[in-house]
Amino acid sequence: MTHPHDLEPRSEDLLGQEALKASVRERYRGIIGDATSIASVLYSPEELQRLPAAAVEAALGVGHPTRWATLRPGEVVVDLGSGGGIDTILAAQHVGPEGRAIGVDTLPEMLERAAANAAVVGVTNIEWRRGELEKIPLSDASVDVVISNGVLNLSPRKGRAIAEMYRVLRPGGRISIADIVLDEDLPPEIMIDPDAWAG
């Protein structure tokens, strides 16, 4: 039988979560400024024309969550793991000036880059906030839509991250995630290796 105190969060870092997060941040920081060609595969030519080249070149996503989110004018959207801002900028364009997009990222350098990218195309209905998936810097029931592109797989506490998504959603809100999913368990030595996790 499970005792109630067994369900309380433990203070020790059982899977080396802080080491995993630090490794992800370091890898992520290392790619700032690198160019990729991912965006040309994921986004339409029309969308790419509405985006600054720096945001297109910095794209690291695995899909197109904005396309499937059915965004409507006036909605508030949060992009978790906003990176160079490509999905946040597209979301802001979809919800229009009466709506708002909020980009959340763990690195201040990436938030600065994303803000500069948004300024290039004159998108002003965007906020940028530093934060983590497991502790989203937004109040309860404050957004209509949560989007995320290739970031949830990097969280060592996916259940906590998903709980946070639901916490910030308004009643009737939507979640649109593009991510990597495993079909089978990884060996334990991979699951706790910070470099393997970040890679």
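User: Which helix does E164 lie in?

Analyst: E164 belongs to helix α8, which covers residues 158-168. Helices (H or I, at least four residues) and strands (E, at least two) are DSSP runs, numbered from the N terminus. Residues are numbered from 1 along each chain as its sequence is written, and side-chain values use heavy atoms, leaving out hydrogens and water. The model is predicted: local features need pLDDT of at least 70, side-chain atom pairs count only at pLDDT 80 or more, and totals for chains, interfaces and linings use all residues.

User: Why is E164 called buried?

Analyst: The relative accessible area of E164 is 3%. Buried means under 20%, exposed over 50%, and partly exposed in between (1.4 Å probe, protein chains only). With 3%, E164 is therefore buried. Across the protein chain, 44% of the 199 residues count as buried.

User: What is E164 in contact with, leaving aside its neighbours within four places in sequence?

Analyst: With those neighbours left aside, L133, E134, K135 and I136 are in contact with E164. Contact here means heavy atoms within 4.5 Å.

User: How do you know that the buried residues of α8 are on the same side?

Analyst: Start with the residues: A161, E164, M165 and V168 are buried in α8. They cover an arc of only 105° around the axis, so they sit on the same side of α8. That arc is taken from the directions from the helix axis to the C-beta atoms. As a general rule, an α-helix has 3.6 residues a turn, so residues three or four places apart point the same way.

User: What covers the buried residues of α8, and which exposed residues does the face turned away carry?

Analyst: The cover includes β1 (76-80), β4 (143-149) and β5. On the face turned away from the buried side, the exposed residues are G159 and Y166.

User: Which residues form the nonpolar patch on the surface?

Analyst: The patch is formed by I162, Y166, I175 and I177, with about 350 Å² of accessible area together. Both α8 and β5 (169-178) supply at least two of its residues. I177 lies in strand β5.

User: Is P73 buried or exposed, and what makes it so?

Analyst: P73 has 58% relative accessibility, so P73 counts as exposed. P73 lies in the loop between α5 (65-68) and β1. Leaving aside neighbours within four places in sequence, P73 is in contact with H94, V95 and E98.

User: What makes a set of residues a nonpolar core?

Analyst: A nonpolar core is a set of buried Ala, Val, Leu, Ile, Met, Phe, Trp, Tyr and Cys residues, joined through side-chain atoms within 4.5 Å. The largest one here has 22 residues, and A39, Y43, L51, L71, V77 and I126 touch the most other members. Two or more residues come from each of α2 (39-42), α6 (86-95) and β4. The largest share, six residues, is from α6. Another core, of 16 residues, lies apart from this one and includes L80, V104, L152 and V168.

User: How do you know that E127 and R100 meet in a salt bridge?

Analyst: Their N to O distance is 2.4 Å. A salt bridge needs a side-chain nitrogen of Lys or Arg within 4 Å of a carboxyl oxygen of Asp or Glu, so this pair qualifies. The pair links distant parts of the chain, with E127 in strand β3 (residues 126-130) and R100 in strand β2 (residues 100-105), 27 residues apart. E127 is partly exposed at 25% relative accessibility, and R100 is partly exposed at 28%. Elsewhere, salt bridges that share partners join D140, R160, E164 and R167 into one network.

User: How many salt bridges does a search of the whole structure find?

Analyst: The search finds nine. One of them joins E75 and R72, at 3.4 Å from N to O. E75 has a relative accessible area of 7% and is therefore buried, while R72 has 44% and is therefore partly exposed.

Notes
Patches are made of residues with over 30% relative accessible area and no salt bridge: like charges are joined within 9 Å, nonpolar side chains (Val, Leu, Ile, Met, Phe, Trp, Tyr) within 5 Å. Accessible areas come from the Shrake-Rupley method with a 1.4 Å probe; for residues, only the protein chains shown count as cover.
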